[in-house]
Amino acid sequence: MTRDEVLDLFRRSGALLEGHFRLTSGLHSPGYLQCALVLAQPESAERFGRAIADLVRALRPTVVLSPAIGGIVIGHEVGRALGVRALFAERQDGQFMLRRGFTLSESDRVLVVEDVVTTGGSTRETMDVARAAGAQVVGAASIVNRSGGPGNGVEFDVPFESLLGYTLPTYEPDKCPLCAQGLPVVKPGSRQVAV
Ligand SMILES: [Zn+2]
């Protein structure tokens, strides 16, 4: 998939809003990304899954492992496209672990899949879960890489692939150029924004 094809699916589902937003952090931003909205479209989720699978097939993963909740849907679609199991790790007492009877073994080649990588923290923790189970982590992948892309982006000790590198600037409210232009600021989700 090209960058424009990925962005188009985000925009059409309202998962990528452009305007002037007040984020949960209190910072202002000209954009807002909500992956769950595009993954709510099964056809889009399936396309992303196939596109990620094409990028990682050479790593020969035998199982996909995703951090819950954000990684579950896309992990499942990547697993479907690769023809391998799709498991998820979830937090218990703050720590990611395998539950629900999910198991990994030393013969497993694990691909960690997330929806959005920002700092890489939950991807790293999910890798730790796989390694603690004795499995080999062969790669990581996400739909969106918000970490700043190659060079100043996130680094893992395995190959990492994403469909869309996308960073959004954020501003302190008193230094926000959009506020300076007099544009009204909205909280994402508080109303529909046409794009
Ligand atoms: Zn502002």
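This is a short tour of a predicted model, stop by stop. Residues are numbered from 1 along each chain as its sequence is written, and side-chain values use heavy atoms, without hydrogens or water. Local features need pLDDT of at least 70, side-chain atom pairs count only at pLDDT 80 or more, and totals for chains, interfaces and linings use all residues.

**Stop 1: the zinc ion**

Select the zinc ion. Which atoms coordinate the zinc ion? They are NE2 of H20, ND1 of H28, SG of C176 and SG of C179, at 2.0 to 2.4 Å. Donors here are N, O and S atoms within 2.8 Å of the metal (3.2 Å for Na, K and Ca); water is not among the atoms, so sites may look incomplete.

Look at the angles next. Among the 4 donor atoms they run from 95 to 123 degrees, and the site is tetrahedral. Along the sequence, the donor residues follow the spacing H-x7-H-x147-C-x2-C.

Is C176 buried or exposed? C176 is buried, at 4% relative accessible area. C179 is partly exposed, at 30%. Buried means under 20% relative accessible area, exposed means over 50%, and partly exposed lies in between (1.4 Å probe, protein chains only).

**Stop 2: other cysteine sulfur**

Select C35. It is buried, with 3% relative accessibility. How many disulfides does the structure hold? The count is 0. A disulfide is taken as a pair of cysteine sulfur atoms within 2.5 Å.

**Stop 3: salt bridges**

Side chains of opposite charge can pair when their charged atoms come close. The rule asks for a side-chain nitrogen of Lys or Arg within 4 Å of a carboxyl oxygen of Asp or Glu. It gives 9 salt bridges. Visit three of these pairs.

- Select R12 and D8. Their side chains form a salt bridge at 3.1 Å, N to O. Both sit in helix α1 (residues 3-12), 4 residues apart, so about one helical turn separates them. R12 is exposed at 63%, while D8 is partly exposed at 35%. Helices (H or I, at least four residues) and strands (E, at least two) are DSSP runs, numbered from the N terminus.
- Select R11 and E18. This salt bridge spans 3.2 Å, N to O. R11 is partly exposed at 33%, and E18 is partly exposed at 33%.
- Select R100 and E90. Their salt bridge is 2.7 Å, N to O. The pair links distant parts of the chain, 10 residues apart: R100 lies in the loop between β5 (95-98) and β6 (109-117), and E90 in strand β4 (residues 85-92). R100 is exposed at 61%, whereas E90 is buried at 9%.

**Stop 4: the nonpolar cores**

Select F10, F48, I143 and V144. They have the most contacts inside the largest nonpolar core, which has 30 residues. Such a core is a set of buried Ala, Val, Leu, Ile, Met, Phe, Trp, Tyr and Cys residues joined through side-chain atoms within 4.5 Å.

Color the elements around it. At least two core residues come from each of α1, α2 (35-39), α3 (42-56), α4 (72-82), β6, β7 (136-145) and β8 (160-165). Which element gives the most to this core? It is α3, with 6 residues.

Center on F48. Leaving out residues up to four places away in sequence, F48 touches M1, V6, L9, F10, V38, L39, I74, I143 and L163. Contact means heavy atoms within 4.5 Å.

Finish at a second, separate core. It has 18 residues, including L65, V110, V137 and A140.

Notes. Four donors count as tetrahedral if all angles lie between 85 and 135 degrees; four count as square planar and six as octahedral if opposite donors are over 155 degrees apart and all others between 65 and 115; anything else is irregular.
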